[in-house]
Amino acid sequence: MTSTAAMEAGSTSVERLLAAAVATMEKARYCWAMTVAEDGSVNARPMGPQKSPTSEDPFGILFLTRRGSRKALEIGRTGRLSVVYQHDADDSYVTLIGRGVIIADRALLRARWQPAWNQFFPAGADDETAIF
């Protein structure tokens, strides 16, 4: 096998792996979001990810949270976030480790707002404490 053929075969394997990861993420209703505390310990909490439209990066995940929450403060401090998806029926999981950012874009919040979130944010997408 030539090096070009080997690279193409490796690229195909990576593409299949990424496609399987996206499929697992799409099947999971919840995931675990993990941040690093000031003392270096890990804080994990279940989250309902805001799924990306197919036109967007499937690994760009949004979570609705409250400005000033522990997770928001830890992401703001470290710029890091780890997320784990698990789908029991397929015995599959995906771990994402990377950069986390706080987004306080009202237009984005309005575009993605779900009525169920009103129970947590009665002012809806205009609630200044609601962030992604």
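How do the residues of the lining of the second largest pocket divide into nonpolar, polar and charged? They divide into 9 nonpolar, 5 polar and 1 charged; Ala, Val, Leu, Ile, Met, Phe, Trp, Tyr, Cys and Pro count as nonpolar, Asp, Glu, Lys and Arg as charged, and the others, Gly among them, as polar. The model is predicted: local features need pLDDT of at least 70, side-chain atom pairs count only at pLDDT 80 or more, and totals for chains, interfaces and linings use all residues. Residues are numbered from 1 along each chain as its sequence is written, and side-chain values use heavy atoms, with hydrogens and water left out.

**View 1. Lining of the second largest pocket.** A pocket is found on a 1 Å grid over the protein atoms alone, as an open set of points where a 1.4 Å probe fits, with protein on both sides within 12 Å along at least five of seven lines; lining residues have an atom within 4 Å of a point. This pocket has a volume of about 400 Å³, where volume is the space filled by probe spheres set on the points, which are joined across faces, edges and corners. Of its 15 lining residues, Met47, Gly48, Leu64, Trp117 and Phe120 lie nearest the centre. At least two lining residues come from each of β2 and β3 (65-66); strands are DSSP runs of E of at least two residues and helices runs of H or I of at least four, numbered from the N terminus.

**View 2. Aromatic cluster of Trp113, Trp117, Phe121 and Phe132.** Rings of Phe, Tyr and Trp (its six-membered ring) pair if their centres lie within 6.5 Å; planes under 30 degrees apart are stacked, over 60 edge-to-face and the rest tilted. The count is 3 aromatic pairs. Trp113 and Trp117 are edge-to-face, because their ring centres are 5.2 Å apart and their planes stand at 85 degrees. Trp117 is buried, with a relative accessible area of 13% (buried is under 20%, exposed over 50%, partly exposed in between; 1.4 Å probe, protein chains only).

**View 3. The pair of Trp117 and Phe132.** This edge-to-face pair has 6.2 Å centre to centre and 75 degrees between the planes. Trp117 lies in the loop between α3 (106-112) and β6 (130-131) and Phe132 in the segment after β6, so the pair ties together parts 15 residues apart in sequence.

**View 4. The largest pocket, with about 530 Å³ of space.** Its lining has 30 residues, with Ile61, Leu81, Arg99, Gly100 and Val101 nearest the centre. β5 gives the most to this lining, with 4 residues.
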